[in-house]
Amino acid sequence: QLTGDAGELTQVQINNLLSDSGKSGETDANKLTFIQNLINYLRGDRSNEDTLFRKRTHVLGDIIHSTPMYGQSITDKRPFVIVGSNDGMVHVFDAHGTKATNGGKEIFAYVPSQSLRASSNISTPESLAAYAKSDYQTKHRYYVDGDISLATINDNKQRMAFGALGQ
């Protein structure tokens, strides 16, 4: 049993990420270090590119089939753009202002739990660990690649986003 928070993943999620890592024969400490480095890579850390993980042209994954959606927060009417990408995340960007005033800056990113698991789905047969592999360019995987819809619920008190995975 591998222990440690590794970004507060569950044991099942850690095992799924490791299933595609080639680290099965390593010590638990080495596996945990790998998972921590992988999480940092997915968050945009470039320090292990070309060593542990593939070199990326851009930190943001490719956006192919997901259409960016414009919305506003309920409480402060802050405008945002939300879109899925093939780095396994849903990204939410500030749609207010200019670059000088943080317009276009990422507010947050969300990784759906399904992106972390090895799947029998033909379009995403591997966990998100495959995104970091050197063969990603020739064996492209579709992760959070579907359209996203926004809905307002609870008497206009909450805004929710719904999206699809895979191609």
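**H91 and A109, opposite each other.** H91 faces A109 of strand 4 across the sheet. The model shown is predicted: local features are reported only at pLDDT of at least 70 and side-chain atom pairs only at pLDDT 80 or more, while totals for chains, interfaces and linings use all residues. Residues are numbered from 1 along each chain as its sequence is written, and side-chain values use heavy atoms, with hydrogens and water left out. Strand 3 (residues 90-94) and strand 4 run antiparallel and are joined by 4 bridges. Two strands are taken to pair if DSSP finds at least two bridges between them. Helices (H or I, at least four residues) and strands (E, at least two) are DSSP runs, numbered from the N terminus.

**The chain as a whole.** The chain contains 2 helices and 6 strands. Along the sequence they follow the pattern α-α-β-β-β-β-β-β. Of the 167 residues in the chain, 38% are buried; buried means under 20% relative accessible area, exposed over 50%, and partly exposed in between (1.4 Å probe, protein chains only). Among contacts between residues at least 6 apart in sequence, 43% join residues at least 24 apart. A contact here means heavy atoms within 4.5 Å.

In general, strands of a sheet pair through backbone hydrogen bonds, either parallel or antiparallel.

**The hairpin of strand 1 and strand 2.** Strand 1 pairs with strand 2 (residues 79-84) in the antiparallel sense, over 4 bridges. M69 has I82 of strand 2 as its bridge partner. The two strands form a hairpin with 6 residues between them. K77 is found in the loop between strand 1 and strand 2. The phi of K77 is positive, near 60°, and K77 is a residue other than glycine.

**Aromatic rings around F53.** There are 2 aromatic pairs. Rings of Phe, Tyr and Trp (its six-membered ring) pair if their centres lie within 6.5 Å; planes under 30 degrees apart count as stacked, over 60 as edge-to-face, and the rest as tilted. One of the pairs is F34 with F53, tilted, with 5.6 Å from centre to centre and 50° between the planes. F34 lies in helix 2 (residues 28-42) and F53 in the loop between helix 2 and strand 1, so this pair ties together parts that are 19 residues apart in sequence. F34 and F53 are both buried. Y41 and F53 also form a tilted pair, 4.9 Å centre to centre with 40° between the planes. Since Y41 is in helix 2 and F53 in the loop between helix 2 and strand 1, the pair ties together parts that are 12 residues apart in sequence. Y41, like F53, is buried.

**R56 over the ring of Y41.** The charged end of R56 sits over the ring of Y41, 3.6 Å from the ring centre. A charge counts as sitting over a ring if NZ of Lys or CZ of Arg is within 6 Å of the ring centre and within 35 degrees of the ring normal.

**The nonpolar cores.** The largest nonpolar core has 18 residues, of which I35 and L38 touch the most other members. A nonpolar core is a set of buried Ala, Val, Leu, Ile, Met, Phe, Trp, Tyr and Cys residues joined through side-chain atoms within 4.5 Å. A second, separate core of 6 residues includes I82, V90, V92 and V144.

D50 lies in the loop between helix 2 and strand 1. D50 is exposed, with a relative accessible area of 59%. Although D50 is not a glycine, its phi is positive, about 70°. S134 is in the loop between strand 4 and strand 5 (148-153). S134 is exposed, with a relative accessible area of 68%. The C-alpha atoms of S134 and R54 are separated by 4.6 Å, and the two residues are 80 residues apart along the chain.
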